[in-house]
Amino acid sequence: MLPKLKFDCDFNPVLDDNNIDPHMFSENVYRSLSLHKAPVLESLHLSFEGRTDCSDVGIWIATAFARCVRKLVLDSFYQEDQTVTLPSVLFSYNDTLEILKLKCAIDLEFPSRVCLKSLRKLYLYQVHFKDEDSVSNLLCGCPSLEDLVVHRYSNADVATFTIAAPSLQRLTIEDLRQEGGYGNGGYVINAPALKYLNINGFIDIESCLIDKALELVEAKISNVSDIANENILESLTSAKRLILHLSPLEIKVPTGKSFDQLVCLELLTHEREWWNLLSIMLDSSPKLQILKLTDFYLRDNKTNPDERKWNPPKCAPECLLFHLETFVWIGYEWQRGDEKEVATYILENARRLKKVTFSTKRIEGEKLEKLEKRREMLNELASVLWDSNSCHLVFEST
């Protein structure tokens with residue numbers, strides 16, 4: 001088994017001291033790496049302070065690369081707002097590194113393109129890029145990159161974070177936007193081979209422009225709103241599975257577009273006017289087979305029913321007539337007339353349903369009247385099924 005090494009400057013079992021001198025830590029790391037005779041390192045994890053000397057970090061990286069390290073984790077935590085700048089020359093050529101994780105108090109400046117020929121997975125957690133060219137020179141120098149995870153503050157460094165990666169298959173971006181910073185920031189995503197996309201926290205940013213990925217299998221879009229220029233949903237029309245935790249009032253919903261590959265859709269029912277997004281997606285997804293509606297919070301204080309108005313599709317959507325087989329509603333508010341209206345419409349028009357599941361909030365046993373009313377409601381839903389003989393109806397309490 002190839003060796004896995006981890007060095008943490010916060011851990012000193014001999015001195016029991018959480019404030020170890022960074023120079024002593026650097027010497028210990030270098031000595032250990034020098035004494036280690038394995039020709040190949042499976043992984044090297046280094047956790048160090050932001051005030052660590054950049055040349056020391058450079059020596060660690062160079063030594064790891066000389067040992068053909070496959071996984072490298074550099075975790076630099078802030079110490080008096082100091083950061084470490086990685087020596088860019090070390091990344092000019094490497095053909096053994098497969099996984100690279102960079103965390104926190106790390107500055108990245110790549111004036112020319114890197115060359116990480118074998119890198120498949122790249123994780124960037126709150127690191128700081130000097131400029132847009134540095135982002136481009138890093139990503140363009142990873143021809144084998146398949147997985148990219150980015151957690152960043154969109155207004156902390158570059159104005160537009162561009163991801164151009166022809167080989168990329170899985171992309172996760174979480175925006176941790178903070179007050180202040182350097183403007184609103186934005187994103188451009190050009191990944192034609194993308195199969196899995198996860199976007200979270202794009203709130204009040206300048207832009208998000210995504211080139212359509214024809215091979216897209218699944219996309220999850222959460223907490224997205226108030227983007228000045230975006231085409232997020234329009235870029236996802238090739239997806240087979242969509243998880244949309246957003247409101248149609250806060251994102252551009254494409255009209256006249258067909259999600260003709262979509263077979264599985266999940267929506268959150270506590271988002272504002274979620275039912276209108278449901279209508280649009282039902283009309284636009286002729287092959288939809290699985291529909292899941294979810295309210296994770298099971299809240300009793302949803303918007304006043306009088307303020308909620310659902311306009312069902314004028315004609316029964318093709319997916320309900322010919323393809324929908326599974327309908328799941330978690331957090332179904334059986335007392336709400338508007339949610340009952342949505343549920344009834346789907347049960348009445350979905351002619352190929354095989355299984356329907358309603359999960360409602362648990363009612364205490366002593367509330368007999370409420371339990372009886374819920375039982376009556378569930379019986380009403382069962383009575384409107386298009387074909388009750390071929391559909392398995394399940395009611396649950398959570």
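**View 1. Aromatic pairs, with Phe48 and Trp60 as the example.** Rings of Phe, Tyr and Trp (its six-membered ring) pair if their centres lie within 6.5 Å, and planes under 30 degrees apart are called stacked, over 60 edge-to-face and the rest tilted. By this rule there are 16 aromatic pairs. Among them is the edge-to-face pair of Phe48 and Trp60, with 5.4 Å from centre to centre and 70 degrees between the planes. Phe48 belongs to strand S2 (residues 43-49) and Trp60 to helix H2 (residues 54-66), so the pair ties together parts 12 residues apart in sequence. Helices (H or I, at least four residues) and strands (E, at least two) are DSSP runs, numbered from the N terminus. Phe48 and Trp60 are both buried, that is, under 20% relative accessible area, where exposed means over 50% and partly exposed lies in between (1.4 Å probe, protein chains only).

This is a predicted model: local features need pLDDT of at least 70, side-chain atom pairs count only at pLDDT 80 or more, and totals for chains, interfaces and linings use all residues. Residues are numbered from 1 along each chain as its sequence is written, and side-chain values use heavy atoms, leaving out hydrogens and water.

**View 2. A cluster of rings.** Here, ring pairs link Trp274, Trp275, Phe327, Trp329, Tyr332, Phe358 and Phe395 into a cluster.

**View 3. Asp147 and its surroundings.** Look for Asp147 in strand S9 (residues 147-152). Asp147 is buried, with a relative accessible area of 13%. Leaving aside neighbours within four places in sequence, Asp147 is in contact (heavy atoms within 4.5 Å) with Arg120, Lys121, Leu122, Leu168 and Arg170.
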